[in-house]
Structure formats: C-alpha cells, structure tokens
Amino acid sequence: MTATCRVKNLATSLAALMGLALASCTMANEQKESSPAEASTSIRMNQLGFPPTSSKLAVVLANKNPDGFVVRDMSSNEVVLRGVLQPSSEKTLGGLPAWHADFSSIQMPGQYALETSTGYRQQFTVADGIYETLASASLKAFYFQRASMPIEEKYAGIWARPAGHADDKILIHTSAASPERPADTLVTAPKGWYDAGDYNKYVVNSGITTGTLMSAYERYPEYFLLQSLNIPESGDDLPDVLNEVRYNLDWLAHMQDPHDGGVYHKLTSADFEGMLAPDKAIKTRYMVQKGTAATLDFAAVMAQAARVFAPFDPQQATGYLKAAESAWQWAEENPSLAYRQDQLNKQYDPDIVTGAYGDEHFADERFWAAAELFIATGKPQYWSLIHATPSEFTLPSWADVRWLGYYSLLLNKDKLPAESEAWHNRVTNHLLQAALDLHRAGSSSAYRVPIASDTRHYVWGSNAVAANQGILMLEAFRISGDPIFLHSAEDTLDYILGRNATGYSYVTGFGTRTPLHPHHRLAAARPDLPPLPGFIVGGPNPSQQDDCDYSSVVADASYTDHVCSYASNEIAINWNAPFAYLVNALQAEENRSTDRPQIHQHTD
C-alpha cells in the first residue's frame with residue numbers, strides 16, 4: 001500500500017466519526033497502470049473524483065502528441081469512452097506542452113480509469129455526493145485548531161489531544177497599556193482558533209476567516225442546517241458551521257477593550273513556540289496594541305454575526321451589534337492607527353516577533369464594517385460611505401476585505417435604500433465582468449483554471465487566491481445563473497485537488513498524492529500520525545521566503561512538501577475558510593438542484 005493510501009485510510013477514521021465515507025484510494029500498479037511517479041508527472045486531474053453532471057478534464061503533459069485516450073469502467077474492464085487529446089493553446093508556465101482529455105460525458109457513478117495511448121493511466125471516481133466528506137473535513141479542521149479545550153477521541157479519533165492555551169492569564173503588553181489596563185494587567189481571552197501552523201491568535205486574520213464562513217452559511221442555510229461535523233456542540237439548535245464560528249466569536253469578544261471599544265491586534269507569545277504540542281507550549285502570552293485594522297475587522301464580523309445569529313439567539317445577536325457599534329466609534333476616533341511591529345519593538349519590551357499582519361490602508365476595512373453595520377441597522381451614516389466608495393472588483397484577502405462588504409450588500413439587496421438601483425447595477429456589473437474576464441483568462445491557460453492565467457496569482461497562500469476566485473465564480477453564478485461560472489468554480493476545485501503543475505492534491509488526507517509534512521505544529525508534534533485531514537496548504541509561492549529546498553522556481557510549481565516550508569506548505573485559517581466555502585458550496589449546489597446546468601465541454 002502506498003503512503004498516500006495509508007494517509008487516506010487513516011483519514012477514513014475521521015470520515016467514520018462524521019458518518020461519511022471517503023472515496024476509495026487508488027492503488028498503484030493495477031492493470032496497465034503506470035507507476036505513481038510516472039502517472040503523477042504525466043496526468044493532472046482531480047484525484048478525489050467528480051459528481052456525475054460536472055465537467056471532467058484531465059491535463060496530460062507530454063512533449064509529443066499522446067494522440068488518443070480511453071476511459072475504462074473498472075468493474076467490467078470495458079472501454080466506455082474513446083477520445084482524442086486536444087492540444088492546449090498555451091504551454092504550461094514551465095514551458096511544457098499540455099494536452100486535454102475531456103470526459104465530461106461520463107455520468108454513470110462508478111470507478112474508472114483514464115488511459116492514454118502512450119501508457120499513462122489514472123483512476124477516478126464518479127459519484128453523487130463525492131465531496132461530502134471533504135466538505136465536512138474542511139470545516140472539521142477548525143475544530144482541530146481550537147485553543148483552550150481538549151480535543152476528545154469521540155470527536156477526533158486518532159487526532160485527540162489535551163487542551164492547550166487556557167488563555168486565562170494574558171498580560172497586557174506595554175504597547176497596549178492604558179490607564180484602565182496598565183502594562184502587565186492580567187486579562188482573559190480563551191477559546192478561538194490557532195491562526196495557522198503556530199499557536200497565536202490574530203484579529204485581522206481571524207476577521208476574514210470568520211466572515212467568510214458566515215457568508216458561506218448565508219448562501220446555503222438549508223445545506224448547513226443538515227450538516228453534522230461531530231463536534232461537541234452537534235445536535236444543539238445551531239448549525240455546526242455556526243457552532244464553530246461562535247467558538248471563535250467568543251474569543252474575539254475578549255479582544256475588545258471594554259473601557260473604550262478598541263480591539264487589540266493580537267494575542268501572542270513574544271516569539272514563536274517550537275514544534276511542540278499545544279499543552280507543552282507554555283510561553284507567556286500578551287495582548288498587543290490596539291489598532292484601526294483590527295477594530296474595523298472586528299466591527300464588520302460582529303455586525304455580520306448579529307444578522308446571522310439573530311434567528312437562533314436574539315439576545316446574543318444584540319450583544320454582537322452593540323460590540324460592533326462600539327468598535328466603529330473607536331475607529332472613527334482613531335482612523336489611522338497602524339500596527340507597525342518593528343517600530344513598536346524599538347519602544348516597548350518584550351519584542352514581539354510573531355506574525356505582524358501589518359496594514360497601512362484602512363479604507364477597505366472601513367467599507368466592510370460600514371456595509372455590515374448598514375445591513376444591521378439601516379443607518380444613513382453607513383450608506384453615505386458605501387455610496388461614495390469606488391466599486392471596482394478586488395479579490396478578498398486579509399489585507400483587502402472591501403469586497404466582503406460588497407458580497408454582503410448584494411446578497412441583502414432588499415435592505416438597500418430605494419434609490420440604490422443604479423448603484424446596485426454598477427456593482428453587479430463590476431462583479432460579473434471581473435468573473436467573466438477571469439474565466440476567459442483561465443480558459444486559455446494550460447490547466448484551464450483561473451489561477452493559472454497569471455503568474456501574479458502565485459503569492460504566499462496562492463491556494464487561498466484560487467479558492468477566493470472560486471467564490472467569485474459562485475457569486476457570479478448566483479447572480480446571473482450562467483453555468484459557465486459554476487463550471488469555473490468546479491475547475492478551481494479540480495485545480496486544488498490535483499489538476500495543477502505539481503500533481504499534488506493540496507488538501508491533507510484527500511487524494512492520491514497529498515501533503516504529508518505540512519508546516520503545522522499540531523502535525524509536527526505527532527510524527528507517528530498522518531497530518532490532520534481537511535487542511536489546505538498554502539501552495540506554490542515563487543518568493544520562497546523560507547529558504548527551504550524547492551525543486552522548481554517556476555511560479556506554479558514552486559512548492560515543497562516539507563515541514564520547514566512555511567512559505568508554501570503551512571496551513572492557515574484564512575486559507576481553509578475560502579476552501580471550505582468553495583467545496584461546501586459545490587456540494588450544496590449539487591444537492592439543491594434537480595436540473596443541473598448542461599454539461600460543459602471544455603473548448604480551447
């Protein structure tokens with residue numbers, strides 16, 4: 001059995017806890033199959049499988065024309081499709097010729113193998129609900145990231161662990177001192193999620209993460225109401241995705257100074273812990289300086305939470321809105337207080353050298369907060385800012401959250417002013433044009449996916465760029481109903497699951513070639529276990545800030561599966577959130593539609 005099959009079989013223990021079943025693991029060296037190394041360097045395709053009515057595409061890398069391909073039914077060994085590989089109009093970024101095998105017409109559930117005339121072979125699955133386990137695991141990942149509580153065996157299986165970071169004795173850092181809370185004052189801020197491969201908690205990054213998950217729920221409430229993640233809160237009155245969100249909101253609430261409404265930038269140790277289990281990581285932790293970005297992100301999240309949680313707990317929703325408005329007022333009084341870690345370290349002790357999440361521009365945070373507060377309150381002061389802000393599309397990231405506000409406003413168009421029709425049409429057109437341009441660019445790339453259309457997309461956390469592009473496509477599909485956008489979102493998931501330059505499925509535990517050594521302290525502390533499943537790693541990053549050994553400097557291939565590679569192989573909550581949105585949305589779209597859009601045949 002291959003190492004990747006062992007990982008996937010162990011991941012099955014998590015699936016069993018959630019009452020789901022993983023697709024079967026493709027074994028090496030079956031009939032006419034090329035070796036795993038040969039197949040992985042020749043055929044690029046979604047390694048998990050396909051829903052029956054989705055588009056289905058494989059990319060074959062070969063210097064010479066591989067000519068034809070067949071699809072074989074594994075149960076009968078019969079050929080069920082013959083086709084001709086079509087040359088890509090573009091080479092890969094690394095200069096390799098690419099050939100496309102479109103087998104979208106295969107709709108009957110079953111196990112199949114794609115075979116080329118040159119001997120390459122890759123198995124795949126077609127099944128209803130193919131993404132159910134992956135979708136649940138992408139959200140269960142947040143449970144594994146919880147601070148301040150034990151992760152119990154009945155919920156986590158082999159990945160159970162003791163509690164870490166009670167965070168009930170946090171010191172006010174000298175940079176955050178105030179008359180009401182002098183330096184070294186003890187405060188509490190339990191719960192929340194560890195931010196990434198480290199054990200610190202950052203408001204700015206937590207903000208976009210929490211907002212993205214609540215937005216996913218708002219688009220597909222019927223789907224999430226039926227989903228069980230087998231977490232401690234399962235079976236209560238809240239959908240499990242909101243139970244997970246509330247665990248983080250409970251922490252965020254402690255990050256607001258009750259005396260003035262400002263929000264601390266982060267809760268952190270002075271420097272990073274070693275590769276230790278959480279209960280062994282016991283360095284002193286601090287609340288660090290309040291800032292405008294953190295406070296506005298907090299205001300946006302709490303205002304959105306007031307809307308989302310109101311049907312379930314009106315009293316709690318009222319508290320969220322009060323906290324949001326208090327934060328907004330502080331930000332109005334402190335409109336440009338940036339978190340500049342290097343400067344702070346020249347003034348205050350101890351030095352803080354953990355993730356900075358520094359930002360000098362606050363117009364996007366102000367817009368997001370105004371958008372969510374307007375939807376919650378209808379107050380004209382927020383609409384005035386919204387109406388005056390340019391609406392050209394920019395893809396959301398922790399440093400640019402403006403379009404999170406636009407997404408919410410477009411979803412809640414019934415709450416907009418009566419005179420907003422022209423504004424609404426303009427914003428909608430900007431979104432649809434951005435999606436169409438990205439779709440067209442992706443359709444001409446070698447891998448036929450939006451992210452592959454431009455080397456500038458390959459930054460730190462490029463897989464989150466891809467996932468957020470998928471969300472854009474889903475928004476365009478929701479607004480227009482045009483199936484090209486839904487298929488482009490499917491292409492993006494195909495990219496994440498293996499149709500890419502490296503031949504990796506970038507999600508731990510899912511696929512036939514997955515990351516085994518992520519930069520993740522929870523994983524590194526237990527080298528006897530496979531990495532926790534359901535986490536997307538950062539992905540190709542040609543900047544290679546970690547100085548690890550990479551096999552390629554080509555933008556889309558600059559990835560290494562090594563624990564040292566925080567630049568390409570770390571996990572992070574703000575990357576998992578858009579990925580969870582994408583895969584859960586695609587599963588929800590499959591579930592909700594009895595008349596799926598017509599099958600899309602890829603064309604060059």
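# Charges, strands and loops in a predicted chain

Colleague: How far apart do the centres of the positive and negative side chains lie?
Modeller: This is a predicted model. The chain carries 45 positive and 68 negative side chains.

Colleague: What percentage of the residues count as buried?
Modeller: Buried means under 20% relative accessible area. The accessible surface of the chain is about 21800 Å², with 52% of it belonging to carbon and sulfur atoms. Of the 604 residues, the buried share is 62%.

Colleague: Among contacts between residues at least 6 apart in sequence, what share joins residues at least 24 apart?
Modeller: The chain has 18 helices and 13 strands. Take the contacts between residues at least 6 apart in sequence. The share that joins residues at least 24 apart is 70%.

Colleague: Which strands stand at the edges of the five-stranded open sheet?
Modeller: The order is E10-E9-E13-E12-E11, with mixed pairing. An edge strand here has a single partner, so one side of it is left without a neighbour in the sheet. The strands at the edges are E10 (186–187) and E11 (201–202).

Colleague: Which residue of E10 is the bridge partner of Ile170?
Modeller: Strand E9 covers residues 170–172. E9 and E10 pair in the antiparallel sense over two bridges. In E10, the partner of Ile170 is Val187.

Colleague: Is Asp167 buried or exposed?
Modeller: Asp167 sits in the loop between helix H4 (153–156) and E9. Beyond four places away in sequence, Asp167 touches Val187, Thr188, Ala189, Pro190, Lys201, Leu267 and Arg285. Its relative accessibility is 5%, so Asp167 counts as buried.

Colleague: Why is strand E7 described as largely enclosed?
Modeller: Strand E7 spans residues 110–116. E7 pairs in the antiparallel sense with E3 (residues 68–73) over five bridges, and with E8 (residues 121–126) over six bridges. The strand is largely enclosed by the rest of the structure because, of its seven residues, the number buried is five.

Colleague: Which residue in the turn of the E7 and E8 hairpin has a positive phi?
Modeller: Across the strands, Gln111 has Thr125 of E8 as its bridge partner. Four residues lie between E7 and E8 in the hairpin. The turn residue with a positive phi, about 100°, is Gly119.

Colleague: Where does Asp67 lie?
Modeller: Asp67 has a positive phi of about 65° although it is not a glycine. Its relative accessible area is 46%, so Asp67 is partly exposed. Its place is the loop between strand E2 (57–61) and E3.

Colleague: What relative accessibility does Ser148 have?
Modeller: Ser148 is not a glycine, yet it has a positive phi of about 75°. It is found in the loop between helix H3 (132–144) and H4. Ser148 counts as partly exposed, at 23%.

Colleague: Which residue does a cis peptide bond join to Asp349?
Modeller: The omega of this bond is about -5°.

Methods:
Residues numbered from 1 in each chain as written. Predicted model: local features only at pLDDT ≥ 70, side-chain atom pairs only at ≥ 80, totals over all residues. Heavy atoms only, no water. Pairing = 2+ DSSP bridges. Buried < 20%, exposed > 50% of the residue type's maximum accessible area, 1.4 Å probe, protein only. Contact = heavy atoms within 4.5 Å. Areas by Shrake-Rupley, 256 points an atom, 1.4 Å probe, with all protein chains shown as cover. Lys, Arg positive; Asp, Glu negative; His and termini not counted. Charge placed at Lys NZ, Arg CZ, Asp CG, Glu CD.
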